[in-house]
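This report looks at the packing and backbone geometry of one protein model.

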Amino acid sequence: MVYSYKHVFSGFAATLSESQASILANTRGVISVFESKLLHLHTTRSWDFMGLDLDYSQGTPLQLTHGEDVIVGVLDTGIWPESASFREEPEMGPIPKYWKGECVAGENFNPKKACNKKLIGAKYYLTGFQRRFGRINKTANPEYISPRDYLGHGTHTASTAAGTRSRGAGMFGFANGTARGGAPRARLAVYKVCWNRDFAGTCTEEDVLAGFDEALRDGVGVVSASFGKAPPLREFFGSSADIGSFHAMQMGVSVVFSAGNGGPQPGMVGNVNPWSICVAASDIDRSFPTKILLDDGSFFVGQGLITNHISGTLARARTYFFGGICNSENWTNKSAAGKILICFSTDGDVSSEDAEFAAARRANASALIFVQPLTLPVAAVSIIPVVRIDIVQGSKLYLLPNFTKAQILPSETAFKRSPAPAVADFSSRGPSSISPDFLKPDISAPGVNILAAWSPNVPPSVFSSDHRSVNWNFETGTSMSCPHVSGVVALLKSAHPRWSPAAIRSALMTTAYNKDINGDGILVQGSTKSSDPFDIGAGHINPIGAFDPGLVYDMTTRDYILFLCNRGYSEDQIQNMVICPLTTPARCPDRLEPDSSINYPSITVSNLECTKTVKRTIRNVGPAKTAVYFVSVVSPNGVEIAVWPKILIFSPIKEELTYFVTLKPVKVARGRYEFGSITWSDGFHQVRSPMVVQVNTRGDGNYYEEGSSTTPY
């Protein structure tokens, strides 16, 4: 027996033969038996960028008036408790009485010193990892067998979600200021379920499920989980994250997942269950412009984190690497000492890390200019001075005579010099590969060059030869965008303690924005096109707007039961997953409703062959109990949209109203997705739902009406 899950859900993890697993799977009362897979981590200015600043001119900032009685549970690689991010906020009250968790002692982790009114829980789960990889060899793997964070990832995500205000944060002189999490006054409980393996975080599903089981028993109000698995995805009850988050939803606990770093190809989004929040990554309006100056006074501007003035001569990669491909395998054994190498990402599909390692460790260059497609260059921490520059400027540099003298000037910290937010190139895109009638990701949040707390024993770059120690570090990934949303969810739970996880998700999605700081459409990194819902879900998170969304699309366990019925789960299987079967009977209706009619804040129809009607129910949560909302529609290309009724009149006795949306294809198309939106407005609130439709019509010019529709057109 590896684990026995007994607090919130009933189950166990054990080592079984294939025949034993088959017999168990066919035993009455068993919902699912699945093989444990490995999950992987998806790895300041951002709060100001989102409107949550520390400006006291209008009273106490919102971040400091909410969140104190909310406990954020972070499932990750642990925590570095000595970080300034985990000190108690001034005048912090006692630990909530409902808290049942604890801080567990372990290697270099003394609960009496590590934990306080801020960090109120810390546990670790190692059994699954050691069953898979054997006992940790401390010589080869200096991981801490305790809640202490060896990799830095968990420290970074925890401080992003709920870190205390910390003055003097910054890294190498960049991004200096006061760092803080989304909910600085919230409490933190960390559950170490991911461990170091070859300097990367690896999580086994049995450890993850154990973390969920105890976090929910302990009393967390929000779970932040920056890990996952790329497609192919398994059925929902064959995934520890989906099982854990399903139980969390039933207990009123919001679970926030990262979408994954498998972009920009479509369909690579992970964590797609409809009862949690899935977060894409975008950048913020902070950049680090870096000048490359030539002797004739001309200059080029890229992105970097350069601290010192650098002089050298420009050198083409072909001089030192076969075919100009900047990686270790193609090094010609020539020294590039004193040279500033120019490497192109398009030569051999080379990553920046490949080029940096080859230039620094092999060729011994003074600096690297890494050339990338337009809109893609972003500064990054490295062991060698690196300037990332776009291909237009890089091509001009490349055409200069070899060994032209050049200087690289120290980088600056700048704001509002580039379009922001922009969707990160790496952020995993929709559609969902196993439930295409639910839009995933749900929303986007900052996930590029996020400054947060770091484990000082871990170098700031990905290179093992980096021996620097820092207390703050820039990290990039949907791992970083996930805790941004978790922090905002903690604030919302504090402000609206009776809202369900679905209502909170609705508030986030329907208030999200789709324009950048210049009023243009949100750009996609690495391209010149505007984003669509598969890139950013409903849009970029708008914390201030989410506090007062006007209307919400709520969902209960019953709604998700209908979804599971559609997936083919039996009533017995579903019943065994329901915490309160007496109040929530797991009955599948005789006539199943399509997923597109389940009350999600977005509307997705993945196969529109004929006229179809979907319904939504929406609840007034605005300050005025009597309110009148009017609808406006942006129709997807080739689809006629009719909404009935066109006006919703709410009153104290009619807080919830239902409307219907009829979609009629008016073009011949196969497999093409189109996008639109439905917005309800009372003149103050703008309650927007993105619409995603794939039209699949016959080529005979005739469009057919779905016979099951009984709703007015």
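## Terms and basis

Helices (H or I, at least four residues) and strands (E, at least two) are DSSP runs, numbered from the N terminus. The model is a predicted one, in which local features need pLDDT of at least 70 and side-chain atom pairs count only at pLDDT 80 or more, while totals for chains, interfaces and linings use all residues. Residues are numbered from 1 along each chain as its sequence is written, and side-chain values use heavy atoms, with hydrogens and water left out.

Helix H7 (residues 240-250) is mostly covered, since eleven of its eleven residues are buried, where buried means under 20% relative accessible area, exposed over 50% and partly exposed in between (1.4 Å probe, protein chains only). Among its buried residues are Ile243, Phe246 and Met249, together with Asp242 and His247. H7 is followed by Gly252, whose phi is positive, near 80 degrees.

Helix H6 (residues 205-218) has 14 residues, which at 1.5 Å a residue should span 20 Å, and this agrees with its end C-alpha atoms being 20 Å apart; the expected span is 1.5 Å times one less than the number of residues. H6 is also mostly covered, with twelve of its 14 residues buried, including Glu205, Glu206, Asp207, Asp213 and Asp218 as well as Val208, Leu209, Phe212 and Leu216. Just after H6, Gly219 takes a positive phi of about 115 degrees.

## Nonpolar cores

A nonpolar core is a set of buried Ala, Val, Leu, Ile, Met, Phe, Trp, Tyr and Cys residues joined through side-chain atoms within 4.5 Å. The largest such core has 101 residues, and those with the most contacts inside it are Val72, Val220, Phe227, Phe237, Trp275, Val485 and Leu508. Helix H10 (residues 478-495) gives the most to this core, with seven residues. Apart from it lies another core of 25 residues, among them Leu551, Ile641, Trp680 and Val693.

Contact means heavy atoms within 4.5 Å. When its neighbours within four places in sequence are left aside, Val220 is in contact with Ile71, Gly73, Trp99, Ala189, Tyr191, Ala215 and Val253.

## The pairing of H5 and H10

The axes of helix H5 (residues 153-162) and H10 come within 7 Å and cross at roughly 30 degrees; these axes are lines fitted to C-alpha atoms, for helices over the stretch in contact, and angles run from 0 to 180 degrees between N-to-C directions. On the H5 side the contact is made by His153, His156, Thr157, Thr160 and Ala161, and on the H10 side by Ser479, Met480, Pro483, His484, Ser486 and Gly487.

## Backbone positions of note

Pro421 lies in the loop between strand S23 (414-415) and strand S24 (422-423), whereas Pro441 is placed in the loop between S24 and strand S25 (443-446).

Positive phi values also occur in residues other than glycine. Ala175, found in strand S7 (residues 174-179), has phi near 55 degrees and is buried, with a relative accessible area of 8%. Asn271, in the loop between strand S13 (254-258) and strand S14 (277-282), has phi near 50 degrees and is buried, with a relative accessible area of 10%.
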